[in-house]
2 protein chains.
Amino acid sequence: MIRRLCIVGVGLIGGSLARALREQGYCHHIVGCSRKADNLERAVELGVIDSYETNLAKAVTDADMVVVCVPMGAMGAVFRAIRSHLAADAVVTDAGSSKRSVIEAAQQAFDGLPPFLVPGHPIAGTERTGVDASFASLYRGRKVILTPTPNSAPQAVARVKAMWEASGAQLIEMAPDHHDEVLAATSHLPHMLAYNLVDMLGTMQQRREMFRYAAGGFRDFTRIASSDPVMWHDICLANSDALLAAVDGFAASLAELRTAIADGDSETLMDCFTRAKTLRDAHIELDAP
Amino acid sequence: MIRRLCIVGVGLIGGSLARALREQGYCHHIVGCSRKADNLERAVELGVIDSYETNLAKAVTDADMVVVCVPMGAMGAVFRAIRSHLAADAVVTDAGSSKRSVIEAAQQAFDGLPPFLVPGHPIAGTERTGVDASFASLYRGRKVILTPTPNSAPQAVARVKAMWEASGAQLIEMAPDHHDEVLAATSHLPHMLAYNLVDMLGTMQQRREMFRYAAGGFRDFTRIASSDPVMWHDICLANSDALLAAVDGFAASLAELRTAIADGDSETLMDCFTRAKTLRDAHIELDAP
């Protein structure tokens with residue numbers, strides 16, 4: 001149980017967590033914090049949070065759980081703003097999409113890694129943003145990866161774990177660098193590919209036509225290109241090493257596929273497509289909701 | 001109205017057309033043809049076709065409309081097999097994903113482009129295949145592109161157009177090369193990217209993990225990697241010129257994005273993602289069903 005939950009950044013991610021925990025009666029009070037009062041008022045109106053604060057220091061005062069759900073680029077500033085105002089029993093976690101950079105930002109902000117910090121990342125979301133897009137079941141059956149630091153107190157880890165489990169998620173622990181590599185390949189790279197494809201089509205002369213004749217496959221493929229630009233800008237910078245490695249791996253692999261197409265190399269094409277289909281079909285079965 | 005419709009290749013595309021036309025009472029008789037008798041028996045069982053033939057020459061005899069829905073690589077062989085057996089009033093169309101190659105195959109098979117040939121391409125489909133995946137509403141509200149040759153008889157074009165309209169589709173005419181360029185960019189390229197991404201992840205050491213932590217975005221992005229490998233192998237070879245140009249454009253654009261990530265070039269990243277999101281959001285509104 002959480003006495004006072006402070007959600008910093010009440011959008012899709014923070015809002016959905018608040019909704020899920022409220023549904024479970026897991027918190028006595030949920031306070032939301034962000035710079036935008038109108039968004040917070042909307043969150044109160046929707047019943048997502050009980051109260052709000054636009055001042056971070058006030059927002060975290062007396063909170064026993066603080067969940068930071070802001071774009072990667074704002075993590076450091078949030079940590080600095082709350083560092084002197086946390087309650088003695090407070091645990092701090094985040095929902096950032098890359099973990100090494102959050103840990104580095106925390107290390108600077110807190111002058112070392114504090115025992116109350118447990119970095120985390122819910123593998124869930126949609127291309128929509130904002131508290132209006134939030135819903136209580138977002139995390140049900142989804143994975144949340146925790147990347148505790150060497151200094152994270154076991155009890156703090158247990159409390160963050162229990163919170164996410166209450167939201168319906170399945171918890172996994174992982175080393176931060178490993179998390180960043182896996183996510184670069186399975187999430188950050190696909191977003192780059194989708195953004196790049198849509199942007200490229202937009203520069204073509206027959207631009208309107210390009211979109212007019214795009215079929216259902218295109219719609220699904222590019223759905224993630226509707227994601228929040230600021231969030232993805234920040235992820236690119238925060239996880240650039242792992243992301244660049246993933247982009248390079250993809251580009252090299254695409255160059256091989258290009259050669260196969262140019263050479264009419266049936267065997268290579270069939271092998272590639274068959275392997276991919278087999279993996280993808282198995283993946284669907286494995287993870288079907 | 002069609003007296004006797006012959007569907008060559010009774011899978012998702014041909015089966016769905018048959019179902020749609022049957023629902024509209026648009027055909028007196030639908031005969032299916034393919035090399036696989038068990039698939040055709042299944043199609044009769046499902047009520048998709050009235051009868052079947054495994055012999056192409058017999059199948060087209062007396063048909064006033066022949067729709068060839070086979071992988072691109074099989075088009076030429078089908079045209080050669082039917083050329084001497086078509087009825088005097090027969091119109092022949094196809095559902096191939098690239099049009100220049102179909103026209104070239106027809107030119108060879110028929111010794112020139114016959115007036116009864118009207119190449120076409122329904123911009124619809126799912127990653128599923130086979131007659132069991134077919135459904136009557138597949139073409140409802142979707143676009144069908146016709147690419148008549150200089151020799152196509154206006155009346156033949158009108159009959160093919162009327163057939164697809166009866167299935168609920170919206171008809172467009174386009175030059176074959178233009179069709180091939182647009183489809184290379186909006187359909188063939190995305191399929192290559194999805195196949196390439198899944199295949200690349202499959203070769204990584206942490207392969208099982210890669211798929212285990214993939215979220216909803218990945219699922220959508222890679223859905224088309226579950227498409228039929230034979231069909232896509234054939235499309236790669238049939239539309240290689242336009243596809244290679246699209247792959248090269250994408251690779252060049254990805255290299256620029258890579259530079260922006262490596263340089264921490266916020267402006268370029270924000271510009272790219274914002275342009276893409278704006279286009280994609282507008283595209284969704286434009287085409288939402």
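This is a predicted model: local features need pLDDT of at least 70, side-chain atom pairs count only at pLDDT 80 or more; totals for chains, interfaces and linings use all residues.
View 1. Chain A has an average pLDDT of 94, and 98% of the residues reach at least 70. For the model as a whole, ipTM is 0.87 and pTM is 0.87.

**View 2. Looking at the axis between the two copies.** Turn chain A by 180°, with a shift of 0.0 Å along the axis, and it lands on chain B with an RMSD of 0.0 Å. The two copies are thus related as by a two-fold rotation axis. Which residue of chain A comes closest to that axis? That would be Phe221(A), whose C-alpha sits at 2.1 Å from the axis.

**View 3. Where chain A touches chain B.** Here 72 residues of chain A are in contact with 72 residues of chain B. On the chain A side, the elements that give two or more residues are α7 (176-203), α8 (207-212), α9 (216-221), α10 (229-238), α11 (240-263) and α12 (266-287). The largest share comes from α7(A), with 16 residues. Sort the side of chain A that touches chain B by class and you get 43 nonpolar, 19 polar and 10 charged residues.

**View 4. Tyr195(A), a residue with contacts in both chains.** Look for Tyr195(A) in helix α7 of chain A. Is Tyr195(A) buried or exposed? It has 28 C-beta neighbours inside 10 Å, so it counts as buried; the cut-off for that label is 20 or more. Setting aside neighbours within four places in sequence, Tyr195(A) is in contact with Ala225(A) in its own chain, and with Cys272(B), Phe273(B) and Ala276(B) across in chain B. For a sense of scale, Asp263(A) is 68 residues away from Tyr195(A) along the chain, and their C-alpha atoms are separated by 29 Å.

**View 5. The open sheet of chain A.** Six strands line up here in the order β3-β2-β1-β4-β5-β6, with parallel pairing. At the edges you'll find β3 (51-53) and β6 (117-118) of chain A, each pairing on one side only. Strands of a sheet pair through backbone hydrogen bonds, either parallel or antiparallel. One pairing to pick out is β4 (residues 65-68) with β5 (residues 91-94) of chain A, two parallel strands joined by four bridges. Within it, Met65(A) has Val91(A) in β5(A) as its bridge partner.

**View 6. Strand β1 of chain B and its two partners.** Now hop over to chain B, where β1(B) is mostly covered, with six of its seven residues buried. With strand β2 (residues 27-33) of chain B, β1(B) pairs in the parallel sense over six bridges. The chain gets from β1(B) to β2(B) through helix α1 (residues 12-23) of chain B, in a right-handed β-α-β crossover. β1(B), residues 2-8, also runs parallel to β4(B), and four bridges join the two. Cys6(B) is a handy landmark: it stands opposite Val31(B) in β2(B), and its bridge partner in β4(B) is Val66(B). Another pair to find is Leu5(B), which stands opposite Met65(B) in β4(B).

**View 7. Strand β4 of chain B, buried both ways.** In a regular strand the side chains alternate between the two faces of the sheet. You can see this in β4(B), residues 65-68: Met65(B) and Val67(B) point one way, Val66(B) and Val68(B) the other, and all are buried. Four bridges join β4(B) to strand β5 (residues 91-94) of chain B, and the two run parallel. In β5(B), Thr93(B) is the bridge partner of Val67(B). Between β4(B) and β5(B) the chain crosses through helix α4 (residues 75-82) of chain B, and this β-α-β crossover is right-handed.

**View 8. Helix α5 of chain B and what covers it.** After α5(B) comes Asp111(B), with a positive phi near 55°.

Note on methods:
Residues are numbered from 1 along each chain as its sequence is written. Chains are lettered from A and ligands numbered from 1 in the order in which they are written. Copies are superposed by least squares on the C-alpha atoms of residues with pLDDT of at least 70 in both. A residue is buried if 20 or more other C-beta atoms lie within 10 Å of its own, exposed if 12 or fewer, and partly exposed in between; C-beta atoms are placed from the backbone. Two strands pair if DSSP finds at least two bridges between them. A crossover is right-handed if, with the strands pointing away from the viewer, the path from the first strand over the helix to the second runs clockwise. pLDDT is the predictor's confidence in each residue, from 0 to 100. Two residues are in contact if their C-beta atoms, placed from the backbone, lie within 7 Å. Ala, Val, Leu, Ile, Met, Phe, Trp, Tyr, Cys and Pro count as nonpolar, Asp, Glu, Lys and Arg as charged, and the others, Gly among them, as polar.
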